[in-house]
Amino acid sequence: MDESSSPLLEVSGLRKSFPGVLALRGVSLHLQKGEVLALIGENGAGKSTLMKILAGVQPADEGDFRVYGKKVSFRNVNDAMDKGIALIHQELNLCGNLDLAANVFLGREPTKAGLIDEYEMRRQTEKFLSQVGLNLPVDTLAESIPIGKQQLVEIAKALSCNARVLIMDEPTSSLSQKETETLFEVVKNLRSKGISVIYISHRLGEVKELADRVTVFRDGENAGELMQDQIDHDNMVKLMVGRELSEFYDRQVHNPGKPVLSLKNLRCPSYPQHPLSLEVSEGEIVGVAGLVGAGRTELLQTIFGVTPALGGSLQISGEAKEIRNPRTAISVGIALAPEDRKQHGLVLPMSVRENSSLPSLQRDASRGWLNENAERAVTQNAVKSMKIKTPNYEQMARFLSGGNQQKIVLGKWLAMSPKLLLLDEPTRGIDVGAKREIYKLMEKLAGEGMAILFVSSEMEEVLGMADRAYVMHEGQISGELSRDQLSEKAIMNLATGNLVAA
Amino acid sequence: MKKNVLGIFILLVAIFVITAVINPKFLNAYNMQNLIKWSSLYAVMSLGVAFVIITGGIDLSIGSVVGLVSVVLSICLKLEGMDPWSAIGITLVLSLGIGLLHGLLITKAKVQPFVVTLCGLLVYRSMGRWLTDNQSIGPMPYEEDAGYKNLEQIQGLDFLFSGKIALGSFNLPTPALFILVLSIAAAVFLRRTIWGRYLFALGNNEEGTRYSGIDTDRMKILAYVLCSLFAGIAGILFAFELDSVQPAQTGEFYELYAIAAAVLGGCSLRGGEGSVLGVVIAAAVIRLIYNSINMVGISTHLEFGILGLVILLGVIGDEFLKKAVARKQAAQKT
């Protein structure tokens, strides 16, 4: 086997479709030994799908896989592991009730006479933990260590399986700045030992610091590649969105009207020790940035009454309201397009019609009888105004693409004419075309005077869409940035707990 | 007719025809009347539990509610000499109260439906036995009970709940009329009102339904109330049908027949699916299987075995059908 001429890993012509959506349209990617390759692209570009295929979690529809020039096929995770490819999941998969040694060797415990060889397991675990710079006792319970260290344990686990390619999907999305730095040290160290890393991130600053090469995906296709000396923010963004930024995020500045939502010392059940205050006015698009786990989703859920506030005041158009559940929130003119669209936004096994009309059924009913004309009208309106692509109104929501599903969620709320629209990761898992339509819709609604508060982990989205942004860190609002102050650096500083905006 | 309802209907016809061919006595009027009567009684309970299963819940107390209601009704009429319509009213209020209690325990105290209704099964059964000192009792006076109060009215009720209406030479059992009215009401409720839609929605995705502003707790309580109400109506029908209620036995295991019929009729225990017509036909299939086993001359010891296999195969067939339909829909690419 000639290890020098062929790349360690090479895939080409990879295609994958899901019901209603073509996720990968023939992408290719190659990786050298000891290389850190960053894979970037907007939500829905196909990065996560590719990673799952590489790690054997899902099969590809078609495509050519080679390891050192030799054709291979991955039917399951074990096949990929055999070739030394390991995925470090975005959500960590450690068993909290087991100690570190048991986690590292879960399912592969060394045995002696049919019993677990504890001594050997501990010895080996210590070795792998030290490779990732962890010097914790191996009998520490996994749940007792912070998330950044748990991630390092996951990496140690991959190394113990002789991984030579580590796939890291948004590894820093819930890490503090300190933990992020530690992770970078580990990654650089592994690279020097000849281990390759595929690094997926939305944080272009990190990519610039870490990557030897960048591959950009857009809408399920290769959009371009940047060598180390070409890696800079503007080049990456241009390839990601495929056009100039100003064109993609077509924003006009509206003069904000009267305040629609004002929170004063609102206490969310998730972080009751940190009262939150913020304001959103008519015609304003306000972003909420921060790391995963900073309490942004929980804030929206409290405003919408899913997890009612423990204290503080919430005013809608100047009137104090007590919001105990989503029903009362809707009755005062609030709508939420939730982050978890499949669990919270839609009833997947029901049709486009039944989903579109769900919130407005009661309003349109008389004495409880379904008003089928009104229902059809609401659906027709949603499908037309949102340009939902569906063969007919009776199609199950499950079989539509992420973009069309999100449009149903928005469509069903627009039928309720809300004053305040809450959007939680509005473009997650959505293709570029639908994404642009959603941005246009946000712009249009703001132009008509709606107040919009959106949470996004995608830096470009906050920079592109927000008139103003709040940044959250561990349950508190660590800062507020006006449009002029918005920059990736300023957001990251506040998001990771450096309270001085740059 | 929807495809899965068509499937169960074909099963009904097939067993019917096979049995009739093997034993022509199966078709005689007396046997048919009995079959219709028992199918109707089972279908009332099955429809009730379908509401709960559609929400993704379960009710194991149905048989005990049937037992308790028939005991209480008999006591009111026979021992208390109560006005018959008041007695009916009391039993219906009792069933509604039981359903409300189940619903509140499940939604507010967050106890799992299986546990709540399993405890209900035990409690209502023993209440019935305690109230009667475990002696059999019936709503109708025995012949020696001269001077029985309200005799005429009670006989009127007996005709209403377990009488026969002559249609030419065929005597239609009155429970058939009950199931006709109740199933139309249930179908209209499920398909034409917002509450029916909410039950299906929350059965498919409770959180998603709550996020759309629907009071899912209230809808779940409603489902349990309807379930117990239907069980109560079945209890009244059974009391008049049986004449003699055994506090320890009447209604025993009926919840399992009801659940079996609901599942065979197209309800998924995962919630969110079900059709009234399918459930009614499935209840008839279950009674028909019993009857066929007798008519064809198969050992009655095999009753449960055959019933179990038919339900299992029916549900597997239904899953295949659903997958095929889903594939077809998925193929309609956007």
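How many helices and strands does chain B have? Chain B has 13 helices and 2 strands, where helices (H or I, at least four residues) and strands (E, at least two) are DSSP runs numbered from the N terminus. The radius of gyration of chain B, taken over C-alpha atoms, is 21 Å, close to the 20 Å that the globule rule gives for 334 residues, so chain B is as compact as a globular protein of that length. That rule is 2.2 Å times the number of residues to the power 0.38.

Before going on, note that this is a predicted model, in which local features need pLDDT of at least 70, side-chain atom pairs count only at pLDDT 80 or more, and totals for chains, interfaces and linings use all residues. Residues are numbered from 1 along each chain as its sequence is written, while chains are lettered from A and ligands numbered from 1 in the order in which they are written.

Along its principal axes, the C-alpha trace of chain B spans about 75 × 55 × 35 Å.

Now let's look at a pair of helices. Two packed helices are described by the angle between their axes and the distance between the axes. In chain B, the axes of helix 3 (residues 62-79) and helix 4 (residues 84-107) come within 9 Å and cross at roughly 155 degrees; axes are lines fitted to C-alpha atoms, for helices over the stretch in contact, and angles run from 0 to 180 degrees between N-to-C directions. That makes helix 3 of chain B roughly antiparallel (an angle over 145 degrees) to helix 4 of chain B.

How values were computed: Parallel < 35°, antiparallel > 145°, perpendicular 65-115°, else oblique.
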